[in-house]
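Hi,

Here's the structure we talked about; have a look and then read on for what turned up.

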Amino acid sequence: MATSGLTRVLTLHCADWPIVAAIDCGALAADSPAFVLEGERVVAVDPAARSAGVRLGQRRRAARRAAPEATVLTRDHLAESRAFEPVVQAVGELCPRLEVLDAGRLALDIRGPARHFGGETAFVAHLGDIVSEVTRGARFGVGLADGRVASAIASRMAVRGGPSVIVPAGGSPTFLAPLGLGWFRAVGEVDAETLDLLHRLGIRTAADLAALDDADVLTRFGPAGMRLQAVARGDDHRRLSTVDPARLPEVARAFDDPVTIVSTVVFTARHLAEDLVATLASTGMVCTRLTVAAETEHSERSERHWYRAEGLSAAAMVERVRWQLDAWVGDAGAVSAGITSVALIVSEARPDDGAQIGLWGGRTAADETAVRAVARLVAMCGEDAVRVPVWVGGRVPGQRYAWTPVAGVDLLDDGARALGDGAPWSGSITRPAPATLPVDPPSVEVLDDEGSPVVVTGRGEVTAEPAQVVTDGRCARVVAWAGPWPIVERWWEQRRRRLAHLQVVLDDGRALLLSVERRRWTVVARHD
Amino acid sequence: MDGITEISTDISTDIADDAGGLDVRRGAVDRRRPPGSLAAAGVRHGVGPLTGERVLPVPGAVAPLFPEGGLVRGRTLACAGHAGRSLGLALVAPAIAAGAWLAVVDLDDLGAEAMTEAEVPLRRVVRIGVSGDGPDPARWAERVGAVLDGFEVVLLPDRRLPEGLWRRLVQRVRSSGAVVVVLAASEPALSVDSVLTAGGSAWVGIGPGAGRLLGRRVEVVRDGRRSPRRLATRLWLPHPSGRPLAAADAGVDTGADIDIDVMGPVGRWRRAV
């Protein structure tokens, strides 16, 4: 047993799980170069694309340039958790006390099982065999150490260096000391901003941080910094949580009529999650480990634990309910009747110690009010009616941002939101961006001085100088124009589009961006 | 807050705020407020930004149009004209940057990119389609009311609304302390406290078949119930350097930002024949 009194935690980390999941669900052929994007960043790369130079965290554009032939996939959390389900089940048979951290990652408390299998090394080897069988050759690593953080880091190292990294009991502080703080970022213990600040102050390794005076760390970085320091010293205090588990809140809802549609249950879960988070917040706590339980009319039961070091917001809870139920319902034979109840149980909480409070770069009263109003508006107007912008990139103004339903977005988690850097794409029409992008671009006629239609040739030139623009039967003179800027979209695909853009300033004061495709002109944007 | 009222008395404003007390011109606040009071108001630390401030900040270039010092909470405003939307976005940007949240109601065609260029941080922008299931005015007003409870700045489209409904909504704007900006194409149908019209626009950077849109000069006129006299100013919207808004005297040739290369390859795209 660990001399430090910390739990021995085993973490399984499957590398590039989004790729594995995409192959699993048939979206991707094995061995073809591919990478997966979340927002504008690369979150997973397969070996072929990696050898071409695609890296994790790279921007879409750079990755595209490095591997133009690679398949680009958008992250699908649901498919990922579905593909992870067999792994969870296989490991669950060895050790029922497991927590799914994320699709592709799980953690277990191995005290019991290790004894049963004749020691930790034997257990880790056995687990490795089982996982490689289930994942059919996906790369993974197993880490075993005192405390969650050391274990999570060890599992990531194991992906690179070998099938497993075992840190002996009591060895976590020595193991962590020489590590760069980037490792703690990778396992979600510190946000990018704080990390950057620490780097600028010359604090680069866990040992550097551990050596600082506690009081200094508290003054400079707040409680969040102090927590990070404790972790860096190998003192993973969350195990020492003094909160009485019996007093943690839980909420449940029973359905009078069994529900057979997952999204209905998820919708109910949203209200439950909001209640739960509000209850916790009123006592200054944040949930770090959530247990989701659901039961069908035939008493089939699904119960799973979810852990997130940063704390689970209501949106994050709902997301996990969706992953769990979807995997459960999708598992043939697991569910034979409608769902009769769903429960959210806070199984671990810690004081909301300022990690997210204003002074250290977090939320404000205005943020909280807005988030509450958004929840209410979603209920009033529907899920699709309330949206937030996400950067998707593109050459044409209307395509650079998409508006996504707020339901799947954690409004206050900037790190998870892709908002773009505003850098123009090559070949894009640059500043100023038009204020209006008609949802349904109206048709217009573009005529020359004699009243004949103007078109754009295959060489990207206009056939005559545009002199008049006719909108809704109203004719305006062109006082200035620029372009055309030809664009060939998706040149690598069959259904490519050739179009060209033209900026025009009209004598009535309007400035328009016109687009022509197959000799048809439309107003795609207005500078108003 | 004592600091604020203290200073405001020595600023001569043309318009007395009817709700009592004078507001402070934003530019003046930063310079004149005693050190520490801004921090105490939470602006720098982001704890309840702008709470307690009776006006939300506006860009310095439009100060001549806002003797009140900014967007007064609880008031309604319309932006109209050929550059009305760009003006509306530029006006609300400083408030959103300071921590307020922006609701974009029923304006599905408002470009997110134009918002970023206007320096509105997108992380605090939420778009709400309140009339997705029909144009029922009563339901519209009720939902906009719910928006007002959660957002400090609300952009609304111009629309016809029964007098009584709008009056009740205006009441709600007043009690919530939000600022409503109506984006209208021309003279707004909704009756608002003041109307800013951005007209007489002239673009630079673009010629017949040459260059591209770079900057626009506009004249902005303020009129309305809360404007006893007509106020006007000339602006760049945007400035050719890429800044979203600048005073008209921020010339193109004085700044080193612009050189002829940026103006585009003249004549390169001329017609083929």
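A term to start with: two strands count as paired if DSSP finds at least two bridges between them, with helices (H or I, at least four residues) and strands (E, at least two) being DSSP runs numbered from the N terminus.

Some housekeeping: residues are numbered from 1 along each chain as its sequence is written, and chains are lettered from A and ligands numbered from 1 in the order in which they are written. It's a predicted model, where local features need pLDDT of at least 70 and side-chain atom pairs count only at pLDDT 80 or more, while totals for chains, interfaces and linings use all residues.

The chain contact takes 57 residues from chain A and 57 residues from chain B, counting residues whose C-beta atoms, placed from the backbone, lie within 7 Å. On the chain A side, helix 15 gives the most, with 11 residues.

Within chain A, helix 4 (residues 77-94) packs on helix 6 (residues 120-135) at about 155 degrees, axes 9 Å apart (lines fitted to C-alpha atoms over the stretch in contact, angles running from 0 to 180 degrees between N-to-C directions). That makes helix 4 of chain A roughly antiparallel to helix 6 of chain A, the label for angles over 145 degrees. Residues meeting there include P86(A) and V87(A) from helix 4, and L127(A) and I130(A) from helix 6.

Cheers

Methods: Parallel < 35°, antiparallel > 145°, perpendicular 65-115°, else oblique. Contact = placed C-beta atoms within 7 Å.
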